[in-house]
Amino acid sequence: MLADTWLGLHSMDWIVLAAYFVVILGVGIWSMSKVKDMSDYFMGGRRFGKVFMMFFAFGSGTSSEQAVSVAAGSFRYGLAGIWYQFLWLWATPFYWIIAPVFRRMRALTTSDFFEARYSSSTATLYSIVGITMSIVFIAGGLYGAGEMIEGLAGGVDPATGKPFFPSSYAIAAMTVLFVAYGMAGGLNAAIVTDFLQGVLTIVFSFLLLPFALNVAASVAGTESGFTALAQGIPGRSGDEILSMTLTEEFLKRTGAEPITLFYVVMLSIGGLIGIVVQPHIMGVCGAGKTEFEGRFGFTFGNFIKRFCTIAWTFTGLACIIIYLSPGSNYMSAERLAELQADPDQMKAFANQVFGLAAHDILPTIGHGLVGLLMASLLAAVMSTCDAQMVVGSGLFTENIYKKFLRPGRQPKHYLMVGRFASLGIVGLALVMLTQFDNVIQVLTTYIQAIPAFMGLAFWLGITWRGYTPAGVWASTLGTAAAWYLTQTHNPFALIAGLGESEFLQRNIDYVPGLFREWLYGIAPGMMVPKLDEAGVLLSVKTSVPWQILTYLSTGAVTGIVVSLLSRRTGDDKLNHFFKLIRTPVTEGEVVLSPCTLPEGHLPTEEGKLIAHPDLEIPIPSKLGIIGFALAWVMVGIIIWLTSFLAGMG
């Protein structure tokens with residue numbers, strides 16, 4: 001190794017990283033002076049405009065594990081891997097419609113929403129689920145970042161068999177930094193740093209792509225990287241690589257599940273139902289001056305993310321040519337044979353392929369570029385982790401500690417508790433990330449599913465007056481139970497700290513495994529079988545779209561039936577709630593406590609779309625219709641751009 005490198009990075013890379021650390025830490029310390037009370041810490045003082053809110057929505061919802069998972073999925077499955085993030089594309093126009101509801105709630109946390117609409121018990125239930133989501137999101141972000149940074153530093157040293165830059169070092173450094181400025185400045189620090197880090201995240205998303213395509217062209221001996229993708233490699237044709245669905249040949253060879261229209265529709269519905277109860281969304285929509293800032297930021301911040309997804313995908317596709325082409329200078333024939341013979345090794349390699357490509361390519365352009373990419377990567381993960389840490393601590397402090405443990409204390413006391421609760425949230429996330437084994441598992445198993453447990457209660461709560469607290473409990477438990485029974489992997493093995501094989505060897509009853517075998521016997525279309533070469537059934541797993549349909553329909557039916565049979569929420573409480581979400585926010589209004597109206601405000605008489613006393617679907621405003629239509633135009637542009645790039649070869 002050269003004398004001017006350390007832990008796999010050039011000295012110029014370390015200089016770039018040091019400069020980034022100093023700037024971000026300085027912003028966090030400055031933000032501390034802006035924190036005066038709970039609203040400042042957990043909601044940033046509701047002082048931010050459209051640009052800051054756009055980058056906050058982009059930064060808090062964009063993390064390294066998403067780039068890693070999309071690049072890994074594209075490397076393993078071709079262009080179809082884009083659906084690991086595009087599952088939220090079809091839901092994005094609805095962000096324009098739903099964002100004003102969050103801002104009009106005048107709440108500090110989403111738990112406040114459940115308190116105002118339902119009851120204290122449902123608010124507590126959400127607090128527990130929301131804190132769990134924050135822990136999972138932080139763990140997933142740190143895990144993905146660790147995998148990419150390990151790849152950025154060169155992966156594993158062939159001489160020692162150990163990583164040049166162990167992911168644990170990177171995770172420790174990131175955690176210390178975002179905890180430091182997040183505890184100091186709360187959501188105010190998160191939003192300000194997310195503006196800076198959002199710019200870096202865009203750099204991180206697009207910096208590597210043109211160089212990766214150029215190297216792919218050189219490896220394949222073609223005029224462009226897109227031509228190399230269209231040409232393909234032995235065993236994987238260009239049509240297979242550039243298809244947004246999985247070809248029949250690929251499915252037979254790998255045993256993967258086909259990405260059909262049903263698959264895409266169910267992932268999109270699941271994403272839309274779950275996104276509204278992700279704990280950071282209340283801040284994303286509620287920290288702006290008025291509801292328009294939240295609406296603009298939530299929608300268009302996520303459209304920036306969709307464009308970045310295209311860059312992550314084509315970088316992963318270029319890596320297929322760079323590393324899997326026979327005779328490539330970037331992969332030895334022996335190592336290539338090992339990967340092709342062992343699916344687990346190929347999966348692990350895919351997790352790090354984005355970082356490895358940067359390590360192999362960027363230093364040939366100029367020293368310091370790997371450092372810039374790593375700083376951008378750190379920006380992506382920390383912009384998510386800081387927001388999740390703050391909202392998770394807010395749920396504990398505001399909705400558990402203040403309500404049940406120490407009511408009636410001074411604001412400074414709760415502010416201190418909120419800061420220390422942040423440490424607990426991050427500590428649990430560090431424990432959880434040790435249980436992950438691949439980034440796609442993090443995205444599809446946890447980040448996709450857990451928010452859906454209570455998402456149904458949100459949507460039905462704002463549209464139907466008859467949905468009751470008992471219905472919320474029933475739908476949440478019903479959804480969670482159906483999800484567990486249809487799981488491919490046993491989540492309790494993760495809680496126990498065991499791999500699934502070790503978990504089974506200890507003779508612990510494994511209900512999902514038995515359930516899958518029974519379900520395959522009566523409804524084989526809902527399952528994805530794995531067969532050996534002789535056609536003998538080795539195992540079955542639940543089809544992803546059928547699993548989503550199963551747990552969402554179970555939760556909806558259970559919640560509606562129980563609501564019809566249980567006591568309704570009182571009219572006074574319901575009238576206050578719907579008056580609250582019908583009253584537009586004015587800049588500078590003063591709200592003394594969560595989910596209350598400022599004096600002198602009157603609700604807008606929007607009228608109902610359906611004239612039924614129990615249905616609360618307002619007639620959309622002109623601004624709502626125009627923005628919703630423009631958002632669908634953006635969806636069309638993104639799909640067209642993806643198809644256009646795929647056809648450039």
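**Salt bridges**

Author: A search of the whole structure finds nine salt bridges, each a side-chain nitrogen of Lys or Arg within 4 Å of a carboxyl oxygen of Asp or Glu. This is a predicted model, where local features need pLDDT of at least 70, side-chain atom pairs count only at pLDDT 80 or more, and totals for chains, interfaces and linings use all residues. Residues are numbered from 1 along each chain as its sequence is written, and side-chain values use heavy atoms, with hydrogens and water left out.

Reader: ok, which residue does Glu616 form a salt bridge with?
Author: Arg465, with the closest N and O atoms 3.1 Å apart. The pair links distant parts of the chain, 151 residues apart: Glu616 is in the loop between α28 and α29, Arg465 in the loop between α22 and α23. Helices here are DSSP runs (H or I, at least four residues; strands are E, at least two), numbered from the N terminus.

Reader: and are those two buried or exposed?
Author: Both Glu616 and Arg465 are buried, that is, under 20% relative accessible area, with exposed being over 50% and partly exposed in between (1.4 Å probe, protein chains only).

Reader: which residues are linked with them in a network?
Author: Salt bridges link Arg465, Glu616, Arg582 and Lys608 in a network.

Reader: switching over, what about Glu338 and Arg335?
Author: Their side chains meet in a salt bridge at 3.2 Å, N to O. They're about one helical turn from each other because they sit three residues apart in helix α17. Glu338 is partly exposed at 41% relative accessibility, and Arg335 is partly exposed too, at 30%.
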